[in-house]
Amino acid sequence: MKLTIQFPLEDAIIAEPELAVLEGMKADEPLSHRMEDRLVSYIHRHLSLTAGGASLPLTLYDARIQTAYHDHVGYFPQIVTQWRTASIEIEPNSLVLKYDAVMHEVRNHRVTVRFLMRNRDARQIAEFGFFDAEKGIPLDLRATGLE
């Protein structure tokens, strides 16, 4: 299973000032090991994924700055991270996501969780904000057609 987490660099710096070292990075340039370690340390404090109550360890395999566009703000740099977890058999309704990176400081930050289908379509399975995040968000993969 793979997980992509992305958020605006500017918001990440508000939430974790140590990430300001990323400001000078060029788009699509891989992060140095030192910068990657800082990012992993921050995200691990704000992210957990469980299946049936058992923790699923997440390993970062790519992190970079990318340019994104939004109609209201124009172009902006965002941090894009790619994570993987061990391939294990899970029940489609047993995943719980706890995630409050950035939103623990930037309260209007929202999370949208999409499941990438085999045909490469992304199907939204959850959306939440800070106050819902602390409870943990059940991710029911049955909504994607998986049984």
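A residue is called buried when its relative accessible area is under 20%, exposed when it is over 50%, and partly exposed in between, using a 1.4 Å probe and protein chains only. The model is predicted, so local features need pLDDT of at least 70 and side-chain atom pairs pLDDT 80 or more, while totals for chains, interfaces and linings use all residues. Residues are numbered from 1 along each chain as its sequence is written, and side-chain values use heavy atoms, without hydrogens and water.

Select Glu 16 to begin. Glu 16 sits in the loop between α1 (9–15) and α2 (33–44); helices here are DSSP runs of H or I with at least four residues, and strands are runs of E with at least two, numbered from the N terminus. Glu 16 counts as buried because its relative accessibility is 15%.

Glu 16 is in contact (heavy atoms within 4.5 Å) with both, leaving aside neighbours within four places in sequence. Show the side chains of Glu 16 and Arg 45: a polar contact of 2.6 Å joins them. A polar contact is a pair of N or O atoms within 3.5 Å; within protein, one must be able to donate a hydrogen and the other to accept it, and residues adjacent in sequence count only if both atoms are side-chain atoms.
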